[in-house]
Amino acid sequence: MTYPANRHAIFAIATLAIAAWYSSPLTAEEAANDQTPPAGVTAVTPTLNAERGRDLFVSKGCVVCHAINGVGGKAAPALDATDESRQADIADFAARMWRSAFAMAELQAVEFAYQIELEGDEMADLAAFAADHVTQETFTEDHIPDDMKDWILEEPFYVDDPVFGKTQP
Ligand code: HEC
């Protein structure tokens, strides 16, 4: 065998070995430790608009129970941004709402006789407003229509309330 033919043979064997390595199925232990995300899964990143979130905060009725910048109800915890980052974590915001879902749904049923509906992009905008102290500072009583002002709840239901507070099951 001449030298170049030998090189070809080695190359072919190496290629086969690499192909075999990659195509060999994972052991159960390897599969359990595999942190690779499933191919093709990516996160959907909606556009974030804190001003639209501010308008939704009123039009959806969140303001009846929650205050931001001192404007709104006291039935539920205030949703002022807690840091300067202006970074909205939409999934975390949704998780916070989910944690309080029982109380919120109950109180909405009592106050509105319906449950607020939200699309994904509306959730994103609300999360943006909740994270944005700059837009929050622009939020005043003037954003609340007069006929809605009577609806604002002043009583803090969520503090140690067996149904609406964090102590419920
Ligand atoms: C009818 C009253 C009511 C309305 C309307 C309402 N909520 Fe709530 N919400 C509550 C109460 C009460 C809690 C606290 C429940 C608890 O203690 O777990 C709460 C909790 C939350 C929390 C978790 C607060 C925390 O401590 O992290 C978020 C976030 C939230 N609401 C967002 C919203 C948004 C956004 C809207 C509008 C789309 C909305 N809520 C509408 C009553 C309401």
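I begin with contacts, two residues being in contact if their C-beta atoms, placed from the backbone, lie within 7 Å. Of the contacts in the protein with a separation of 6 or more, 74% are between residues 24 or more positions apart. This is a predicted model, in which local features need pLDDT of at least 70 and side-chain atom pairs count only at pLDDT 80 or more, while totals for chains, interfaces and linings use all residues. Residues are numbered from 1 along each chain as its sequence is written.

The protein has nine helices and two strands, taken as DSSP runs (helices: H or I, at least four residues; strands: E, at least two) and numbered from the N terminus. Their order from the N terminus is α-α-α-α-β-β-α-α-α-α-α.

Finally, consider helix H7, residues 120-131. Its 12 residues should span 16 Å at 1.5 Å a residue, and its end C-alpha atoms are 17 Å apart, which agrees; the expected span is 1.5 Å times one less than the number of residues. Which helices do the buried residues of H7 pack against? They pack against helix H3 (50-59), helix H5 (90-99) and helix H8 (133-136).
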